[in-house]
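Please consult the sequence and the model shown here while reading.

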Amino acid sequence: MNIEKFQESMYDLIVETSTKLPRDVRRAIKAAKEKESAGTRSAMSLATITNNIKMADDNVSPICQDTGLPTFKIKTPVGANQLVMKEAIKNAIAQATKDGKLRPNSVDSLTGENSGDNLGGGTPVIKFEQWEKDYIDARLILKGGGCENKNIQYSLPCELDGLGRAGRDLDGIRKCIMHSVYQAQGQGCSAGFIGVGIGGDRSAGYDLAKEQLFRSVEDVNPNEDLRKLEEYVMDHANELGIGTMGFGGETTLLGCKVGVINRIPASFFVSVAYNCWAFRRLGVAVNPETGEINEWMYQEGENIDFGATEAEKETAAATETKAEVISLQAPITEEQIRSLKVGDVVQINGRMYTGRDAIHHHLMEHDAPVDLNGQVIYHCGPVMLKDDEGNWHVKAAGPTTSIREEPYQGDIMKKFGIRAVIGKGGMGPKTLAALNEHGGVYLNAIGGAAQYYADCIKAVEGVDLMEFGIPEAMWHLKVEGFTAVVTMDSHGNSLHADVDKSSLDKLAQFKERVF
Ligand SMILES: O=C(O)C[C@H](O)C(=O)O
Ligand code: SF4
């Protein structure tokens, strides 16, 4: 095998997967967009999402800043040398990271140290299998952390919120799947795709669930029971009304694929792998002698490029002028914050600081490196590249899941006088109480829209705490027209709590036996 060429092919697979959504996924997103009524928050979010997909295409830059845990599934003809292939894949991963196509995402679990090149214990994941065919089938999925955290495994029988008892049969499985969509809310950047694995032990069940994510969104399950189940879920999960980013709306789920394997008598697992709308998975058929790509997978059918037509541009322009947008610039006063309410659309200009897990943890015990009074914190771990002159450039910068900061957020806002935090997926009761007490606001940005937000960042004006690694450092960003929605205000209102409650009520409508 020509190993240099194989490495190049793997590099192309990585770059293409990170920057271009497959055709089946694009079609599912387009169909969702057509269903949302114009002018709603969900429609606005979907417009940002499709705009972002187009920008990632044009810039050949990551669709989402979280490029996940790269996971390769490779089938090789008997006799192919898997050891050299593994080395080539690792080199390709390191190169793609250096080129800003992947975020350095491999972190020592005990020390928190980022390896910087996406290599380390367990990273990347490479699973080989042999097969009888004469070519290499190499598939890659880049599944981010926010949606990975929403995976869930049920051990039947069990009791489920809203649905009651789920037994050890097809109907019990149906309840688990409906519940899995409910429990994810918008936190995994809905609308999402789910892969479900029935049976196995805990690890084989999750493997099977993830395997389903490699199926085309549009295929039909050859198992009649599972086909019915998939169709049922697709028909009804969207009635939960969770919508894009959990803002409420018509589309919550874009795909559901279910697989089954045997189990042992005492265990009955239903494992669900949740994938965000930024469903980055591709595959190639590679010639085992030359190492060249013969064919790209998931590329059949119509390609949607999401370039706006003239008519769409006109409608967008019309809605933009109608929607009232409130401008915010730090330092923000308490009075300005108290005037905001859930549903308001704000646009931020000026300075904001990134801060995610490591920063929040740090600020609990230490002073801030900058004066945060009246300032805005952005829950974001960007992809950054340094040029030859030593200046940093933002390559991708969407929000991260805010709920992880729930234990710290309220205390930190009060301690430093922070007025606004931006993230996605919403926060809990502790933060809501602190917003009320201190005069703060939670702003929801569109998860995964990393190119769209990178474009709003006009300059990187500094960085602190680089010892935490690129995604976790505190970046000082100058932004223009950074748009987000108030989803938790200083008057005790939370859109997230409301959608959670109404979707739980709707979930309870699926309690009766169906199968
Ligand atoms: O790590 C990130 O940047 C985002 C993460 O994928 C998330 O959804 O929270
Ligand atoms: S931020 Fe959202 S779109 Fe990006 S990886 Fe996380 S869940 Fe997916």
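The lining of the second largest cavity is made up of F193, I194, Q212, L213, R215, V217, G255, C256, K257 and F279. The lining of the second largest cavity comprises six nonpolar, two polar and two charged residues. In this classification Ala, Val, Leu, Ile, Met, Phe, Trp, Tyr, Cys and Pro count as nonpolar, Asp, Glu, Lys and Arg as charged, and the others, Gly among them, as polar.

The model is predicted: local features need pLDDT of at least 70, side-chain atom pairs count only at pLDDT 80 or more, and totals for chains, interfaces and linings use all residues. Residues are numbered from 1 along each chain as its sequence is written, chains are lettered from A and ligands numbered from 1 in the order in which they are written, and side-chain values use heavy atoms, with hydrogens and water left out.

Cavities and pockets are found on a 1 Å grid over the protein atoms alone: a cavity is a set of points where a 1.4 Å probe fits but cannot get out, a pocket is an open set with protein on both sides within 12 Å along at least five of seven lines, and lining residues have an atom within 4 Å of a point. Grid points are joined across faces, edges and corners, and a volume is the space filled by probe spheres set on the points.

| Space | Volume | Lining by class |
|---|---|---|
| Largest cavity | about 60 Å³ | seven nonpolar, three polar, no charged residues |
| Second largest cavity | about 50 Å³ | six nonpolar, two polar, two charged residues |
| Second largest pocket | about 1000 Å³ | 16 nonpolar, 15 polar, 16 charged residues |

Around the largest cavity lie I29, A32, L46, I49, S190, A191, T244, T251, L254 and W277. The elements with two or more residues in that lining are α2 (23-35) and α3 (41-59).

The second largest pocket has a volume of about 1000 Å³. Its lining contains 47 residues, of which D66, G68, N105, G144 and G145 are the closest to its centre. Among the elements that each supply at least two lining residues are β1 (69-77), β2 (125-131), β3 (136-143) and α7 (202-212); the largest share, four residues, comes from α5.

Which pocket holds ligand 2? Ligand 2 sits in the second largest pocket, where sitting requires more than half of its atoms to lie within 2 Å of the grid points. Thirteen residues surround ligand 2, the closest being C64, G144, C189, C276 and R280; a residue counts as near if one of its heavy atoms lies within 4 Å. This shell holds six nonpolar, four polar and three charged residues.

The surroundings of ligand 1 consist of Q65, D66, R103, G145, G146, R356, T400, T401, R404 and K424. An oxygen atom of ligand 1 lies 2.5 Å from a side-chain N or O atom of D66. For the side chain of T401, the corresponding distance from an oxygen atom of ligand 1 to an N or O atom is 2.4 Å, and for that of R404 it is 3.5 Å.

Terms used: A polar contact is a pair of N or O atoms within 3.5 Å; within protein, one must be able to donate a hydrogen and the other to accept it, and residues adjacent in sequence count only if both atoms are side-chain atoms.
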